[in-house]
Every structure is written in C-alpha cells, then in structure tokens.
Amino acid sequence: MTSLSDLPLRANLVGKQPYGAPQDPVPVSLNVNENTHPIPEAVVEDIVASLARAVRGVNRYPDREFSELRESLAGYLGHGLVAEQLWAANGSNEVLQQILQAFGGPGRTLLSFTPTYSMYPLLASGTDTGWIAVPRPDDYALTPELVAEALRAHGPDIAILCGPNNPTGTPLDREVILAAYEAFDGILIVDEAYQEFDAERESAVTLLPGRHRLLVSRTMSKAFAFAGVRLGYLAADPAVIDALRLVRLPYHLSALTQAAATAAIRHSGEMLATVADIRAQRDRLAVALTELGYRVHPSGANFLLVGGFAEPTATFEALRRRGILIRNLGIPGHLRITAGTEAETTAVIEAVAALGPGGARG
Ligand SMILES: *Cc1c(COP(=O)(O)O)cnc(C)c1O
C-alpha cells in the first residue's frame, strides 16, 4: 500500500486536508446549509419530464454554451441582465475554481476576510494561488474602511467577499462592496451563495453596470433546494465570461444538469417558497438559543453561528448521538447550525436545552 506521503505531490498540496464535512445518514442533518425541505411533487414531475427529453439526446455532446440555461438564469436574476453576462458550472465551487484558473495562479494572490468559507484557501492551493487571510473584527462585520485598507495594503489579484458570510452569517453591506472595488484594481468576487435568505439587501448584481472587475457568484445549492444537481452560476461582464471559456473543460455542464436546472428555474417561485419559513425557523432558533444563554451572531443566511459552548466538540458529538448533525468548524466556543424545517428546528432546540448551560452535559 502506498500512502500520500510516498507520492510526488505538488509542494503546495503537501499536508493539506480535503474538504470533508461529515456525510452521516442521521435523522436531522443540519451541517452543510442545505435547504432541508423537499422539492414540491409537481416540480419534480416537470424536471423528470425535462430529463427524459434530454436523455434521448445524450448520444451527442451537450450545448457547450448552455444557452437556454443562461437565458433562464439571466431572467431569474432580473435587473436587465442578459445571457452574455451569465456563466455556470458544476456548483459555484467550480465557478470559483475557473475564476482562479483564469485570474490567479502561480505568483498571484487571493485575499479574503476570515473566518469565511473554508473552500477559498483550498481552491487557492489547488490552483497554486497565494492565499491572504485578513482577520475579521470580533463581531465579524466588515466595514468599508477595514476592507479598503486591507486591499490597499496587500493589493491582491483577486478578493472574495462572502455575503452573507459562511460560517458567521454576517450580512454584507453595499458600501463595503463599493469600497472594496475602488480600493484595488484586481478581480472582486462577491459570493452570494445565501443571497436569497437576506430579506434586507439587494443582490450585488445591481452594482455590475460599469464595473467590469466585479463578479457575482451564486448557487442553486442553498435556497433553491438543488444541491444534488450541482449548479452554480456567475453574473459578470461578458469579457469575464470569455476568460472563463479559456479554462473550462469542453462540455463541462452535462445535458442532464442543463435540463434539470432550466426546468427548476421555470418553477423558481415554488422552489423558493420555503425561504420565508426557513428564515422564520432561523429566527426562532436564534431566540431560543439566546434564551438558553448562548451568543447567537446576527445572520442573513439560513444558518446561525452560535457561541458559548464550553466544549464544542463534546456538544457536537452529544448531538450526533441524538441523531442531529451540525457543524464544528474549530472556532473556539462556537458551533454552526443550519435552520431546517419546523420539526428539525424543534429537535435542535430541545436537544441543546437538554445538554444544560453551555452544553455542559455534552
Ligand atoms: C455552500 C456554499 C457555496 C456553494 O457551493 P456549490 O458548489 O454551489 O454547492 C459557495 N459559497 C459558499 C460560501 C457556500 O457556503
């Protein structure tokens, strides 16, 4: 048996851990911020009909430019966007990787504000891009001053602002995006994986006109309840899309993915009907955990970062034994919990309450 250390691995991958959120079949799975509500049956049937039509054509390669899907995505985002400004790939992770392949690479850097999405540094090492982590303040909120100062000081080739931010839930204000854009001359990505859950802020796609270095990344994995299909997308200047064509693999979006995503977007109203309930469950969870003495950070997403656990790892394991999977990200005293259905949220509240103050009986 050969082990990883016997192989001539690229130097920048030595010692790295792969992305690895546990995938346990437990009754209450609230660890990767999926929408836990099932897709409405009528929508399932229409998607299946679209897939059946697509299967009849799979002897041929799919539409390399996925034109129909890009039209649909442009229509869904609105704000006058056109298909030429849209791009998609197998999850927004693949979109982000393509951006790093096109604009990062050896001798170049990616900057973000931590704690943030754990995939950013992994995507950087996978593309041999230098990673610059700038710590967020104690409340995790970014200000125009903080962001502009960091970007001026480091002058990265690419910066990512995650809004709402994973894993903290922190919303991202428009003034922060604008200050970031003005502060450096590189590529600015706004990762809006959770945008649909933020009832108060407009999407950064409204800032695209006149800003050709601004890229807005989105996904169907979260609010849209479509994580298993793998469809992430991007809105940006058409020239940026041309750059991504240089690095994408030919026919990277399968005919089945294109058909399923296009069908789901036809039903965006029904697909997003659960968002209001998820927000309500998130707020109910926040109130309940605050009453139990925990520190709940403000969230514009479908999850909460919760502080005040004496032993987060023990609490994580205790909940797992009770069939509830949440996320332990190694932030001292903290755990992240996705807002699920009403029943799932009740299960979490009752289980955490049963652990006693600070999760002490973990
Ligand atoms: C979940 C998530 C994504 C989405 O990843 P997909 O590849 O589209 O499933 C992107 N960014 C952040 C911050 C996320 O939390």
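How much space lies in the largest pocket?

1. What you are looking at. This is a predicted model, where local features need pLDDT of at least 70, side-chain atom pairs count only at pLDDT 80 or more, and totals for chains, interfaces and linings use all residues. Residues are numbered from 1 along each chain as its sequence is written, and side-chain values use heavy atoms, with hydrogens and water left out.

2. The pocket. The largest pocket holds about 680 Å³ of space. A pocket here is an open set of points on a 1 Å grid over the protein atoms alone, where a 1.4 Å probe fits, with protein on both sides within 12 Å along at least five of seven lines; lining residues have an atom within 4 Å of a point. The volume is the space filled by probe spheres set on the points, which are joined across faces, edges and corners.

3. Its lining. Of the 33 lining residues, those closest to the centre of the largest pocket are Tyr-19, Val-32, Asn-93, Tyr-117 and Lys-222.

4. The ligand. The ligand sits in the largest pocket, meaning that more than half of its atoms lie within 2 Å of the grid points. Around the ligand are 14 residues, each with a heavy atom within 4 Å of it; Ser-92, Tyr-194, Thr-219, Ser-221 and Lys-222 are the closest.

5. Polar contacts (pairs of N or O atoms within 3.5 Å). A polar side-chain atom of Asp-191 lies 2.7 Å from a ligand nitrogen. Ligand oxygen atoms lie 3.3 Å from a polar side-chain atom of Lys-222 and 2.7 Å from one of Arg-230.

Definitions and conventions: A polar contact is a pair of N or O atoms within 3.5 Å; within protein, one must be able to donate a hydrogen and the other to accept it, and residues adjacent in sequence count only if both atoms are side-chain atoms.
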